[in-house]
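Me: I would like to learn how to read a protein model feature by feature, with the general idea given before the particular case. Could we work through it together?

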Amino acid sequence: MVKLIKIIFYFLTFSYSLLAEDRIITEKELIAHSSQSSCWIKIDKNIYNITDYISIHQEKFKYNLTKWCGKDSTKSWVDKDGKKKGHSRKAKNLLKKYQIGTLDVN
Ligand code: HEM
């Protein structure tokens, strides 16, 4: 039973992530969300709305993500802002849940 619930959960998460990737977001839109009250970040080609996660990250890991709102934070995500170590697998899976689209490359 627990296994079945897990399978359904992963399926829903997977379907949602496919939907999220469909939305094309312009650089102008990204920049418009550069505050703590509405915070989007770019990592690789993907855009994430991390507004609800800022306070959790601050509280748990003592690092305020606000300065990356509206910006390309690929490098800082990869090396934890100069710490020279990457985020865990758990963090990478968590990140996927915040994806809202991909950046318009044209
Ligand atoms: C974009 C810029 C980001 C920077 C610079 C950054 C930086 C950091 C730092 C300094 C720590 C604590 C120190 C450490 O664990 O070594 C940390 C931990 C963590 N961060 Fe971030 N973070 C970023 C974004 C995110 C996002 C968007 C998520 C998830 C949605 C996230 C999830 C986590 C988790 C789960 C940890 C605990 C350690 C781990 O699992 O790797 N972070 N981060």
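Me: Which residue in β4 is the bridge partner of lysine 42?

Reply: Strands are DSSP runs of E with at least two residues, helices are runs of H or I with at least four residues, and both are numbered from the N terminus. Two strands pair if DSSP finds at least two bridges between them. In this predicted model, where local features need pLDDT of at least 70, side-chain atom pairs count only at pLDDT 80 or more, whereas totals for chains, interfaces and linings use all residues. Residues are numbered from 1 along each chain as its sequence is written. The bridge partner of lysine 42 in β4 is isoleucine 47, and β3 and β4, which run antiparallel, are joined by 4 bridges.

Me: What phi does aspartate 44 take in the hairpin of β3 and β4?

Reply: Most residues other than glycine have a negative phi. Aspartate 44, however, takes a positive phi near 55° in this hairpin, which has 2 residues between the strands. The residue lies in the loop between β3 and β4.

Me: Is aspartate 44 buried or exposed?

Reply: A residue is buried if 20 or more other C-beta atoms lie within 10 Å of its own, exposed if 12 or fewer, and partly exposed in between, with C-beta atoms placed from the backbone. Aspartate 44 is exposed, with 11 other C-beta atoms within 10 Å. Aspartate 81, by comparison, is partly exposed, with 14 other C-beta atoms within 10 Å; its phi is also positive, near 55°, and it is found in the loop between α4 and α5.

Me: Which residue stands opposite cysteine 39 of β3?

Reply: Serine 34 stands opposite cysteine 39, in a pairing of β2 (residues 34-35) with β3 that is antiparallel and has 2 bridges. These two strands form a hairpin with 2 residues between them. Two residues are in contact if their C-beta atoms, placed from the backbone, lie within 7 Å. Leaving aside residues up to four places away in sequence, cysteine 39 touches His33, Ile50, Thr51, Ile54, Thr66 and Cys69.

Me: How many residues does the largest nonpolar core have?

Reply: A nonpolar core is a set of buried Ala, Val, Leu, Ile, Met, Phe, Trp, Tyr and Cys residues joined through C-beta atoms within 7 Å. The largest one here has 10 residues, including Leu30, Cys39, Trp40, Ile41, Trp68 and Cys69. The elements that give two or more residues to this core are β3 (38-43) and β4 (46-49), and β3 gives the most, with 3 residues. Across the 106 residues of the protein, 12% are buried.

Me: Which residues come nearest to the ligand?

Reply: A residue counts as near a molecule if its C-beta atom, placed from the backbone, lies within 6 Å of it. There are 22 residues around the ligand, and Ser73, Ser76, Asp81, Ser88 and Ala91 come nearest. The elements that give two or more residues to this shell are α3 (54-61), α4 (74-79) and α5 (89-96), with α5 giving the most, at 4 residues.

Me: What secondary structure does the protein have?

Reply: The secondary structure comes to 5 helices and 5 strands, in the order α-β-α-β-β-β-α-α-α-β along the sequence. Among the contacts with a separation of 6 or more, 70% are between residues 24 or more positions apart.
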